[in-house]
Number of protein chains: 2
Amino acid sequence: MKKFEEKTLHTKSIFQGNMISLQVDDVQLPNGKTSKRELVKHPGAVAVLPITKEGKIVMVEQYRKPLERSLVEIPAGKLEPGEEPKQTAMRELEEETGYTTDDLQFVTSFATSPGFADEVIHLYVATNIELAENKLDGDEDEFVELIELTLNEAEQYEQDERIWDAKTAYAVLYARAKGLLE
Amino acid sequence: MKKFEEKTLHTKSIFQGNMISLQVDDVQLPNGKTSKRELVKHPGAVAVLPITKEGKIVMVEQYRKPLERSLVEIPAGKLEPGEEPKQTAMRELEEETGYTTDDLQFVTSFATSPGFADEVIHLYVATNIELAENKLDGDEDEFVELIELTLNEAEQYEQDERIWDAKTAYAVLYARAKGLLE
């Protein structure tokens, strides 16, 4: 897994933010030449595909400032220090949707933008979900609206680009391929 | 598509790089409060799922500095100014793999990390691919190795996390769901 390794010669920290940080590394390439790499550091995240007992997918609509538009996505959130991904998934599901479950199954993990960022998303499927009696409060600057969609509706949302992000596109295709909502 | 819009009050440019730039926006939230958003700007990218006449997927292994490891991915590359995504897809396919085709079909687009970046990837499927007689040269600091995988092998690579990025995971699942390699 180190094929064509680019050895770090020097790291320059550019920015330390609340969600991400940025650094520029001078690297030595396999041919001995040097180059620069712009690297965004992110704590990683989880995403949950929640399926109701009626066979619908629970999604959230929220504004995504980088894209200057709102998107309909499966619930997700970033890892907190010391938190196991599965624990984050349970917490984010409840904070964003009010649903809880004991049935959370790991699906897969993937890097979202390996060319410039280290963000990895861990995807889970949540079944047998139930509305919590006392909903956890989410971040106070997070505004989300719940939407429950059949699989056909979710695919239509993709056609219309209301669903337009990688993790949700993967989750919807996964639900179709595995027959999860049939 | 502007639900819960976060109005920009002020933009502070932090970094302008070769691949990405970074800014921090002060925003007004729907409840009137203010917050900060850390935003990575990226030109966007294309990815191509190339299928050989023998029914294999052509992939490239390359080192991904943000993750400090190499990954096996479908060919991809960022949009150049003024270039149509389909044109970029044709060019990147040839530069990275040596294959060309006239049969490039659009599959879907998705944002990779909508929480902090504006990167959108446009995914295509390439069929009837042939090795070009005079291969285009790629970026001089890009080191890639070609790998041709059956669909079963690609799924095993995912299990082993040698394939570990969102666009490739989506493409492999898409190939399976649509029966593209049968």
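This is a predicted model: local features need pLDDT of at least 70, side-chain atom pairs count only at pLDDT 80 or more; totals for chains, interfaces and linings use all residues.
Strands are DSSP runs of E of at least two residues and helices are runs of H or I of at least four, numbered from the N terminus; two strands pair if DSSP finds at least two bridges between them. Strand β4 (residues 45-50) of chain B runs antiparallel to β7(B), to which three bridges join it. Val46(B) stands opposite Gly77(B) in β7(B).

Helix α3 (residues 166-178) of chain A has 13 residues, which should span 18 Å at 1.5 Å a residue, and its end C-alpha atoms are 18 Å apart, in agreement. The expected span is 1.5 Å times one less than the number of residues. Ten of the 13 residues of α3(A) are buried, so the helix is largely enclosed by the rest of the structure; buried means under 20% relative accessible area (1.4 Å probe, protein chains only). Among the buried residues are Lys167(A), Tyr170(A), Leu173(A) and Tyr174(A). Just after α3(A), Gly179(A) takes a positive phi of about 65°.

Chain A can be laid on chain B with an RMSD of 0.0 Å by a turn of 180° and a shift of 0.0 Å along the axis. That is the relation of a two-fold axis.

Residues are numbered from 1 along each chain as its sequence is written. Local features need pLDDT of at least 70.

How values were computed: Chains are lettered from A and ligands numbered from 1 in the order in which they are written. Side-chain values use heavy atoms; hydrogens and water are left out. Buried means under 20% relative accessible area, exposed over 50%, partly exposed in between (1.4 Å probe, protein chains only). Copies are superposed by least squares on the C-alpha atoms of residues with pLDDT of at least 70 in both.
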